[in-house]
Amino acid sequence: MKPLVVVNALTRIFDVSKPWLNRVIERLPRALLTAVSDVSMTIEEKSVYALVGESGSGKSTIGKMVVGLLPPSAGSVEIEGVDLFRSTDADAVDAVRGDIQMIFQDPFASLNPRWRVRNIITEPVAARNGDIAGMAERLLEQVGLSALDADKYPHEFSGGQRQRICIARALASEPRLIVCDEPTSALDVSVQAQVLNLMSDLKDDFGLTYLFISHDLTVVRHMADTVGVLYLGRLVEEAPRDDLFDHPKHPYTRMLLEAAPKLDGFDRTPELPKGEIPDPINPPSGCVFHPRCPIAVDQCKIERPLSRIVGNSRVACHLAE
């Protein structure tokens, strides 16, 4: 399979400083928060690439940059060979943007409460003056709802049904890439399973590619082909799903897997994760994980590890072996 998305050295820095006058009076320096730091990855066509990590690790920021909602501070995002932010061919960028959609975490917040479902679903196509006759009804049936629901408003549906409407809207423009930002975290467990199975079926039926952002490792194991692990904005490990879950190479990946709930974990007392994720405004020197790492050595405190291939994984750790 060929790569549909190529992300190279992606970085995003936010200026979270106080206003200029406050900084002058209080003699404070500018405060720069590095949300994403030098992330490189490729997403193959018709596959599922999952990003996992703790809250604040930069997952959603990467998702927003991939769909073009947020410009990077450095690095590039190429989709179908077109650089979303540096290409001078406006028509090519516009065509690529038409092949990208996003499913957000909160289905109710991402639906206009004053619009009927028909208008919500057909909006991506209507904005480009496309043919929308019968589209909403057809898509509603494809995601397991009734065609009669097209005349209803979002508040008339349950959370799982609203997420199905969001999926129908994402499918309306016949995209090739869908970025899913925690698409089931706001749903009950039984509804999560229904939505995830629906997304898997639609991926096969429509030949979709997913960038799947989640903190739920059970969901990731069910959905992903390749998994990237983020810590403090840096990609610390990337591997095929089975290799990552069965043979994690990075200490942070092992910590995440050990802390995750297990069905056969009765009478199991996992070692709790040590420490908190550091301040991204003042990250630690060297390997950013070394203050929490159980196997850190002096080299980890000084030298930032580069990504390298270890077995089937790409890992940024001096002691990966």
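## A walk through the fold

Of the contacts in the chain with a separation of 6 or more, 63% are between residues 24 or more positions apart; contact here means heavy atoms within 4.5 Å. Before going on, bear in mind that this is a predicted model, where local features need pLDDT of at least 70, side-chain atom pairs count only at pLDDT 80 or more, and totals for chains, interfaces and linings use all residues. Residues are numbered from 1 along each chain as its sequence is written, and side-chain values use heavy atoms, with hydrogens and water left out.

**Overall build.** The chain has 11 helices and 12 strands, taken as DSSP runs numbered from the N terminus (helices are H or I with at least four residues, strands are E with at least two). Its radius of gyration is 21 Å, close to the 20 Å that the globule rule gives for 321 residues, so the chain is as compact as a globular protein of that length. That radius is taken over C-alpha atoms, and the rule is 2.2 Å times the number of residues to the power 0.38. Along the principal axes, the C-alpha atoms fill a box of roughly 65 × 55 × 40 Å. Buried residues make up 48% of the 321, with buried meaning under 20% relative accessible area, exposed over 50%, and partly exposed in between (1.4 Å probe, protein chains only). The accessible surface comes to about 16,200 Å², and 51% of that belongs to carbon and sulfur atoms; the areas come from the Shrake-Rupley method with a 1.4 Å probe, and for residues only the protein chains shown count as cover.

**Inside.** The largest nonpolar core has 58 residues, and those with the most contacts inside it are Ile121, Ile165, Ile167, Met199, Tyr210 and Phe212. Helix α6 gives this core its largest share, 7 residues. A second, separate core of 30 residues includes Ala35, Ile43, Tyr49 and Leu177. Such a core is a set of buried Ala, Val, Leu, Ile, Met, Phe, Trp, Tyr and Cys residues joined through side-chain atoms within 4.5 Å. Leaving aside residues up to four places away in sequence, Phe212 touches a list of residues that includes Tyr49, Cys180, Met199 and Met223.

Now for helix α4 (residues 117-126). Its buried residues are Val117, Ile120, Ile121, Thr122, Pro124 and Val125. Among the elements covering them are β6 (100-103), α5 (135-142) and α6 (159-172).

Glu80 and Leu232 each have a positive phi without being a glycine. Here they are side by side:

**Outside.** Which residues form a nonpolar patch on the surface? Trp20, Leu21, Val24 and Ile25 do, with about 470 Å² of accessible area together. Patch members have over 30% relative accessible area and no salt bridge, with nonpolar side chains (Val, Leu, Ile, Met, Phe, Trp, Tyr) joined within 5 Å and like charges within 9 Å. A salt bridge would be a side-chain nitrogen of Lys or Arg within 4 Å of a carboxyl oxygen of Asp or Glu. Trp20 sits in helix α1 (residues 20-26) and counts as exposed because its relative accessibility is 60%.
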